[in-house]
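Hi,

Here is the structure I said I would pass along. Have a look at it first, and then read on for what turned up.

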Amino acid sequence: MLSEWEKMSVEELFELHQLMQSVLREKLIAKQKLLEDRLRQLNQSPDSDGGKDGRP
């Protein structure tokens with residue numbers, strides 16, 4: 001019995017590859033934005049936190 005992958009044509013497999021690549025790219029960009037925002041928050045000057053030592 002053939003698997004679902006083996007039943008797909010090369011064109012279908014390539015289309016799936018492109019779709020997966022696009023979805024992963026979007027997820028990576030979103031994750032990068034979150035991490036950059038968090039880094040920006042962590043790099044703010046210590047004077048802006050009311051004199052605390054920077055610990056949560």
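Let me start with a question: how many residues apart are arginine 40 and aspartate 37 in helix 2? They are three residues apart, so about one helical turn separates them. Before I go further, please keep in mind that this is a predicted model.

First, the overall picture. The protein chain has two helices and zero strands. Helix 1 covers residues 4-7, while helix 2 covers residues 10-42. Of the chain's 56 residues, 0% count as buried. The accessible surface of the chain comes to about 5,700 Å², and carbon and sulfur atoms account for 59% of that area.

Now the charged side chains. The count comes to three salt bridges, and here is how they are laid out.

Glutamate 4 has 57% relative accessibility, so it counts as exposed because the cut-off for that is over 50%. Lysine 7, at 47%, counts as partly exposed.

Helix 2 holds the other pairs I wanted to show you. Lysine 33 and aspartate 37 form a salt bridge, with their closest N and O atoms 3.1 Å apart. Those two are four residues apart in the helix, so about one helical turn lies between them. Aspartate 37 also forms a salt bridge with arginine 40, and there the closest N and O atoms are 2.8 Å apart. Through shared partners, the salt bridges join Lys33, Asp37 and Arg40 into one network.

And is aspartate 37 buried or partly exposed? Its relative accessible area is 27%, so aspartate 37 is partly exposed.

Have a look when you get a moment, and send me any questions.

Cheers

Note on methods. Residues numbered from 1 in each chain as written. Predicted model: local features only at pLDDT ≥ 70, side-chain atom pairs only at ≥ 80, totals over all residues. Heavy atoms only, no water. Buried < 20%, exposed > 50% of the residue type's maximum accessible area, 1.4 Å probe, protein only. Areas by Shrake-Rupley, 256 points an atom, 1.4 Å probe, with all protein chains shown as cover. Salt bridge = Lys/Arg side-chain N within 4 Å of Asp/Glu carboxyl O.
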